[in-house]
Structure formats: C-alpha cells, structure tokens
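Please prepare a briefing on the structure shown below, covering its domains, its strands and the contact between its chains.

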Amino acid sequence: MALITTSKSLGWYGVHGSDDCEPMSLHEHFGTYNSSGSFQIGKSGLSETEAKLISIWTMLPTGSAWPWNLNMEQKYRNHPISSLRELVKQHDEMKCGQMYWITWTGNKDLNIPGFVPTALGVDMGRISD
Amino acid sequence: MANINKINGISGFQGTDVSCENVSLYGLRNYIDKVFATSTSGSSYSVQPASSSNSPFATIKNFECGNGYIFFRSGAESSWSVFNIPHFEQGNLENNSNKLVTTLFPEHFTIEGKGEFHLTSGVNDPGSGSKAWYQTMPVYKTLDSSLKCWFNGSSYVISSRVGNTSSSVLNNSFIPNAPYGDAKTSSATVEISGFTGGSANANGLYAEVGYVNGKILYRHAKTGDFYYFFSGQTWVLTDTPITVNGGACYVNGGSDVNGKLDNSGGSNGNCFDGQTANVSDGSMDPRSLATEDEDSLMSTEDKLKVLITEDDM
C-alpha cells in the first residue's frame with residue numbers, strides 16, 4: 001500500500017505485483033451519502049469531517065480535469081435527474097492505468113494500495129504492459 | 001512514445017519498459033502551454049510554462065524518466081495538431097488498465113525486528129511537522145509511524161525520525177529493503193558473483209523492487225545501478241531500467257532466475273564481453289549447504305532430503 005501523507009500528490013494508479021490490479025471505488029472507500037442525505041462511512045473509516053478533506057482529481061479522456069470529493073457525492077449521487085447523477089459517476093473510482101492527483105489536508109495518512117506517488121527528481125519506475 | 005491527440009488536458013508518466021530518455025519541454029513549446037508536477041516539498045505543484053523552460057530558473061526543463069506530469073495545450077483549439085512525446089505514457093486514455101507501473105523502489109517490505117514499511121508520498125513526522133520527500137528519494141514508514149526508513153545520501157536508514165540518526169540502523173544500500181545487518185528482509189533477493197575487472201561492480205546482493213513480465217524485478221542493493229529482470233524469454237542483467245535497448249549495458253542469463261550469466265563469447269550483450277557470473281538465491285550462501293567431503297548439496301530449491309529419520313533417534 002502507499003500512504004498519502006502530503007497535501008499534494010500526483011501519481012499513477014496500478015502497480016505490477018503479485019496480485020492483479022483492481023479498481024478502487026472512491027465512494028465505497030472514503031464514504032458517500034444515502035438518499036436521505038446521511039453520510040455513509042467508507043471502508044477507510046474516515047469520518048465525514050475527515051473525508052471532506054479529500055479531493056481526487058483525474059484528467060478525463062476528453063481532456064477535462066474532474067474531481068471526486070464528498071461535495072460531489074452529496075450533490076449528485078442521489079440526484080433525481082439522471083444526467084446530474086452521471087456527474088459523479090463519471091469519476092468515482094480509481095482505475096488501473098490512470099493518473100490522479102490528490103489533495104488531502106487531514107492529519108491522518110490515506111491508505112491507497114496500488115497508487116504510486118511521484119515527485120520531481122525521483123525516478124519511481126516505468127510503465128509496462 | 002505517445003501521440004497526443006487534440007484534447008486540452010493531458011496526464012501521463014515518462015518512461016516505459018521499452019525505452020526512456022528525458023525529453024526537452026522547450027522543444028515542445030509550440031504544443032504545450034504549462035506543465036505541472038509534484039514538488040518534493042509535497043505541499044505544492046511546480047508549474048512551468050513550456051515557452052520559458054529553457055530559462056536557468058525553470059523548475060521543469062524536461063519530462064524526466066519515472067515522473068508524472070499534467071499539461072495543457074497551447075493556443076486555440078483550432079490550432080491543435082497531434083504531436084509525439086517520446087517515451088511518454090498517457091494516463092488519461094480509455095481502456096488503459098493493462099498499463100501499470102513497474103516500480104524501481106519497493107511498495108512495501110518488512111525488516112525483521114523492525115516491522116512492515118510502506119511507501120509514502122513524503123514524510124509526515126509529527127516531531128518536525130515536515131511533510132516532504134527526502135534527498136529526492138522515497139521515504140517509508142510503519143503504519144503506526146513509530147519508525148521511518150529514509151535515505152541519508154549514501155544509505156537507507158531506519159530511525160524514529162527522518163533526518164535523525166539517533167538509535168538508527170543502516171543497510172549501506174541504495175534501496176530501502178536490503179537487510180540491515182543481521183535483520184533480514186521479507187523481499188526476495190538474489191546474489192550475483194563472478195564478474196571480474198570493470199564488471200565486478202555488478203556483483204553483489206540484489207533485492208526485489210517490482211515486477212515486470214510477470215516476474216520479480218531485482219535491483220542492485222548497494223548502488224541501485226543494475227537491474228536483473230525477466231525479458232519474457234530469458235533473465236537479463238542490465239544497467240538501464242528495465243530494458244536492453246538504447247545502448248544498455250547488459251548480459252543474458254537463462255530461463256531460470258538462478259543460473260549463469262554468460263557472455264564468454266562476447267556476443268550476447270554489451271559491456272560484459274568475455275564475462276560470466278552466477279546467480280544464486282540471495283537468502284543463503286550455497287556453500288553452507290555443501291558437505292565436508294564433496295561439493296554436492298544436501299538440499300535443493302525443489303527438494304529437501306530428510307537427513308535424520310526416526311530410526312536414527
């Protein structure tokens with residue numbers, strides 16, 4: 001697993017290893033809201049207050065930057081208009097073979113298995129099939 | 001290489017298992033407006049306009065091997081054209097799930113008597129308040145944050161605080177998961193021996209840092225300068241991660257991880273002309289299994305003979 005400790009992190013999701021890469025559902029891991037508007041705690045165990053400190057961004061294949069965070073979950077996960085529900089569904093998991101940048105302002109460490117953080121001057125690896 | 005299509009935002013990673021070289025950002029200034037990368041401070045992104053990346057004060061001059069980037073196209077959409085970034089792997093493509101990172105440092109490992117260490121995005125040390133990478137090398141910590149594993153410029157160190165060597169142990173290695181004295185590592189290891197002369201610096205312990213072609217990638221523990229990996233057909237020792245292309249110095253081995261690296265004919269690689277070496281299981285010295293009277297081994301990797309039977313008791 002990789003521990004996200006810093007407030008900014010840019011990296012690749014998916015590592016060659018002894019196990020196959022699996023996508024990670026963000027709302028299942030970090031939390032979401034039910035149709036009544038109540039926070040549903042995720043597998044990470046973060047409270048609503050803590051989970052609100054996470055934003056995980058991706059660049060969509062169309063070339064637009066798009067965030068996942070609890071505000072998106074709260075506004076759109078159970079929205080009565082289906083096209084608005086798609087706003088959160090188009091990026092609600094970390095997919096193998098994709099780049100993500102994470103903003104995290106909490107004090108705990110975020111555990112994201114399979115995420116490889118990068119930083120200028122540090123040669124972390126190579127992409128391979 | 002990646003052909004960048006006519007979209008505004010692109011994310012990606014520099015370097016593949018086929019090849020990697022740094023690519024000048026200034027040379028791509030007609031296509032790229034700004035590039036973002038994570039600063040080693042861990043608290044900000046470095047932002048660099050491509051048009052000024054030739055400045056002495058530029059923070060990003062190249063797409064560097066093993067780094068992640070975000071960038072945006074320059075000019076109006078009508079002016080965009082497809083262009084190529086050599087050795088770049090785009091990270092915002094559909095159906096890209098087979099493209100994974102072969103890491104050059106381990107994601108996690110356990111050191112006997114110390115605990116399990118995990119890769120971090122930087123130090124999070126309550127004592128110093130610092131959250132950053134250290135010495136432009138990965139930093140590791142235990143889940144309870146009681147121990148950190150960090151590079152001091154010449155060796156990885158395990159101690160309670162990054163930068164503080166009080167009650168520390170060193171492994172005299174470039175990679176964090178080599179043994180610390182008698183404290184063993186959970187990572188797979190091999191020992192390469194037998195190179196001579198100018199090739200002797202490839203001898204030594206190699207430890208697991210990642211996977212490629214479905215098998216473990218080993219890295220020279222002391223210097224980090226050599227890699228031992230499975231090419232798909234044979235095991236190969238190379239000085240270039242993780243390829244034999246582009247003028248790499250390499251020598252071929254066999255189909256098994258343990259065996260002979262053979263360039264005695266001087267024709268199956270570069271730089272190791274006339275050299276042979278042996279690769280053995282790094283967890284034990286094979287000589288320790290030899291009997292006093294002969295060179296035969298009492299045990300093999302596949303089979304362990306029972307030396308004492310019930311009748312002997």
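Domain bounds here come from an automatic or database domain assignment. The model is predicted, and local features need pLDDT of at least 70, side-chain atom pairs count only at pLDDT 80 or more, and totals for chains, interfaces and linings use all residues. Residues are numbered from 1 along each chain as its sequence is written, while chains are lettered from A and ligands numbered from 1 in the order in which they are written.

**Domains of chain B**
- Chain B is assigned domain 1 (2-90), domain 2 (102-180) and domain 3 (189-281).
- Taken over C-alpha atoms, the centres of domain 1 of chain B and domain 2 of chain B are separated by 30 Å.
- Six residues from domain 1 of chain B and eight residues from domain 2 of chain B make up their contact, where two residues are in contact if their C-beta atoms, placed from the backbone, lie within 7 Å.

**Fold of chain B**
- Chain B has zero helices and 24 strands, with helices (H or I, at least four residues) and strands (E, at least two) being DSSP runs numbered from the N terminus.
- Among contacts in chain B between residues at least 6 apart in sequence, 47% join residues at least 24 apart.

**Contact between chains A and B**
- The contact draws 46 residues from chain A and 60 residues from chain B, and β2(A) gives the most to the chain A side, with five residues.
- β1(A) pairs with strand β12 (residues 115-120) of chain B in the parallel sense over two bridges, pairing being assigned if DSSP finds at least two bridges between two strands.
- In β12(B), T120(B) stands opposite L3(A).
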